[in-house]
Protein chains: 2
Amino acid sequence: MITSPLLTIDNVLFTVHDGILKVLMVKRSIEPYSGLWSLPGGIVDPATDTSTEDTALRKLREKAGVKPNYLEQLEVFSGHDRDPRGFTVTIVYYALIGYQQAEVHIHTVDDAEWVSLPQIAQLNLAFDHKKIINVALERLRQKTLYSMVPVFCLPSLFTISDLKQVIETIIEKPIQRKSLMRRVEASGMFEEVDEKAATGKRMAQLYKLKDNFNIVNFERNLSF
Amino acid sequence: MITSPLLTIDNVLFTVHDGILKVLMVKRSIEPYSGLWSLPGGIVDPATDTSTEDTALRKLREKAGVKPNYLEQLEVFSGHDRDPRGFTVTIVYYALIGYQQAEVHIHTVDDAEWVSLPQIAQLNLAFDHKKIINVALERLRQKTLYSMVPVFCLPSLFTISDLKQVIETIIEKPIQRKSLMRRVEASGMFEEVDEKAATGKRMAQLYKLKDNFNIVNFERNLSF
DNA sequence: CCAATAGTGTCTTTTAGACAGTATCAC
DNA sequence: GTGATACTGTCTAAAAGACACTATTGG
């Protein structure tokens, strides 16, 4: 008779704030790795969850009171060496949210915090979470090259400059404003709203996601 | 106390033979869905498997005696409605193999068979395996547009025409031979061997994967 | 008017598509 | 030589990069 291994999920929730890419981390309060920072995740509960995606959303709600704008399966990590308790299987999701949207909730929970990538590099994280974050980051960067997913790191109204900054923060490269505008147009995902933002000198056009948008994948990557 | 749900893996093993894309199916001998065709998979066994990828490879070996040239995680399927026994979680892998390479083994196992996609559409498959196959197919098609993965459906020596046919079979569209040759060259994954194949009239150059190849992803998709 | 940010026009670059033209083989 | 398949040369097309140019704002 085979006993099922411990099945957990973990979330890599990204946001961008002031040109810095951050990941939501929570402090572990139980063994193993008690006291260390870790990804917000937990055990899949067949009694309450209708799917593992449901588990992922529930954990983000419970641990930080947030609901992401975007959530997608990254991949499964498994093995004997990733948890001192033995063989474990973790389904990892990566997710995006606007900083303003989440900030309120994060601040009321003192064991949840936005951590920048340089900070993460220096921390000692629980389990193989550092590796998981790197895989998620790689995927987010790739996806940023051929889609508009970074928009999910922004509030519901945003300018082209906002979007440009978020993209540049994620891929750590400058992009051409012109290229971005062409893609915004071509994607058909967005509509201009009757409002302008006074961020810079000249007022900037505000955009929002259309009510029934489909995420478009472009046929070629941005390059440099 | 939370009991872990039943954790299984399934494989969608593709090959191309004579211009037909096929999936390896096995006949179920136990309930539920006994007697129906299903994907070759099974339960993850922490006692023997070092990872879920290991489970996937083991199941392909046990059920059909084959070792794929390419194996990659597709995604996790979960829910209460996919198995009459209740909440289940299935990690799905998709894989590629050359027809010649696998044929011998498949023929010795009478409950394993290559099934074409039109045939699959007409069959009544176990669980949600029809849906899983469609998701895997979609992924394979996407990947074919920006990489050379279809080469893993071929024997170790192959011609450009072989590769072209496999690609066209997968995406169900004709491509330009010229575009393919440019990509074969640009990828740096292949080397010409000192041998020619007498498939058509003029002898065709044979290629093989370099000993230390890296799978290259192109910056733009093939289009039509 | 000036400085700064928003946004446009347009030329270049890259890489795929199209397709004609050449090469090599069996017969 | 003929016909069929293999391969190359080269023009066009689509979309991104580069970058100069215009527009709009606050002061």
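1. **Ground rules.** This is a predicted model, in which local features need pLDDT of at least 70 and side-chain atom pairs count only at pLDDT 80 or more, while totals for chains, interfaces and linings use all residues. Residues are numbered from 1 along each chain as its sequence is written, chains are lettered from A and ligands numbered from 1 in the order in which they are written, and side-chain values use heavy atoms, with hydrogens and water left out.

2. **How the copies are related.** Chain B can be laid on chain A by a turn of 180° and a shift of 0.0 Å along the axis, with an RMSD of 0.0 Å (a least-squares superposition on C-alpha atoms of residues with pLDDT of at least 70 in both). The two copies are thus related as by a two-fold rotation axis. In chain B, the C-alpha of B:Arg220 is nearest that axis, 2.0 Å from it.

3. Look for B:Ile2, B:Pro46 and B:Glu219, which supply 22% of the area that chain B buries against chain A, more than any other three residues.

4. **H4 against H5.** Now to helices (DSSP runs of H or I, at least four residues, numbered from the N terminus). In chain B, the axes of H4 (residues 129–146) and H5 (residues 160–171) come within 9 Å and cross at roughly 135° (axes are lines fitted to C-alpha atoms over the stretch in contact, and angles run from 0 to 180 degrees between N-to-C directions). H4(B) and H5(B) are therefore oblique to each other (angles under 35 degrees count as roughly parallel, over 145 as roughly antiparallel, 65 to 115 as roughly perpendicular and the rest as oblique). From H4(B), B:Leu140, B:Arg141, B:Thr144 and B:Leu145 meet B:Ile167, B:Ile170 and B:Ile171 in H5(B).

5. **H5 against H6.** The axes of H5(B) and H6 (residues 177–187) of chain B come within 10 Å and cross at roughly 110°. That makes H5(B) roughly perpendicular to H6(B). Among the residues making this contact are B:Leu163 and B:Ile167 of H5(B) and B:Leu180 and B:Met181 of H6(B).

Technical notes. Helix = DSSP H or I, 4+ residues; strand = E, 2+ residues; numbered from the N terminus. Contact = heavy atoms within 4.5 Å. Buried area = accessible area lost by both parts, 1.4 Å probe.
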